[in-house]
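Please open the model in the viewer and keep the selection panel at hand.

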Amino acid sequence: MIVLYLFLGLMTAIIGAVPLGASNIAVINTSIKQSSKQALKIALAAGIAEVILSLYALHYNVAITHFFESNLIIQVSIAIILLLLGAYLFFRKPKQKSKIKPLKYKYVTGFVLGLLNPPVLIYWVLVYGFVSSLGESIMLSVKSTFTVLFFFFAGVYIGKFFTLTLYSKFSTLIKSKFQNINFVVDKITAVLITLLGTMQTIKLYVFN
């Protein structure tokens, strides 16, 4: 049964991490513009943030759902910020190579991007709702034993880290195929962020 909780945490984290988000995009950018070693730091810290979000959702799942449903301004703000950021990245002119060193605080970047992610918080609320619907065969709550919670959240961390590492490997592979890779990745990043903003906007109109 312990292995089952480890597998459950692993699979739910992978499913939640596959869709593009801030952490994924940061890993892609860092892998291409700097190195996979730097991207690995983001993935390590993002995994910790994922565990914190999932633990918080386990404690306050009902309150979280009510908060986001009753505060439409937060959802609108997220959509607007994503659309503006995507437009800025797409239309900005490429800069000449600079001698300024890139930011070193990759652990902080990964942790902050992983933690400040409302859609992921909602995702974990949905996960716990699904798990509770499975009946008594799988029990997961704040009252579960330490061993159960430890293995589940260990699976969450491994799943998040594993998925981001795959993004890094894929990005490094793409890097070897293009010459002007910085220009290409800026445009791709802009499109991805704009897509996220568009999806958030559609969600507001369809589900609210």
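What is the mean pLDDT of the protein chain? The mean pLDDT is 78, and 70% of the residues reach 70 or more; pLDDT is the predictor's confidence in each residue, from 0 to 100. Residues are numbered from 1 along each chain as its sequence is written. This is a predicted model, in which local features need pLDDT of at least 70, side-chain atom pairs count only at pLDDT 80 or more, and totals for chains, interfaces and linings use all residues, while side-chain values use heavy atoms, with hydrogens and water left out.

**The whole chain.** Of the 208 residues, 36% count as buried; buried means under 20% relative accessible area, exposed over 50%, and partly exposed in between (1.4 Å probe, protein chains only). Among contacts (heavy atoms within 4.5 Å) with a separation of 6 or more, 87% are between residues 24 or more positions apart.

**Helices H1 and H6.** Next, select residues 2-17, helix H1, and residues 118-132, helix H6. Their axes come within 11 Å and cross at roughly 140 degrees. Axes are lines fitted to C-alpha atoms, for helices over the stretch in contact, and angles run from 0 to 180 degrees between N-to-C directions. The two helices are therefore oblique to each other; angles under 35 degrees count as roughly parallel, over 145 as roughly antiparallel, 65 to 115 as roughly perpendicular and the rest as oblique. Show the side chains of Leu8, Thr12, Ala13, Ile15 and Gly16 in H1, which meet Tyr123, Trp124, Val127 and Val131 in H6. The residues of this contact divide into seven nonpolar, two polar and no charged. Here Ala, Val, Leu, Ile, Met, Phe, Trp, Tyr, Cys and Pro count as nonpolar, Asp, Glu, Lys and Arg as charged, and the others, Gly among them, as polar.

**Phe91.** Move to Phe91, which lies in helix H4 (residues 72-91). Is Phe91 buried or exposed? Its relative accessibility is 66%, so Phe91 counts as exposed.

**Residues 96-103.** Finally, select residues 96-103, where pLDDT stays under 50. For this stretch the model has two contacts beyond four places in sequence.

Conventions: Helices (H or I, at least four residues) and strands (E, at least two) are DSSP runs, numbered from the N terminus.
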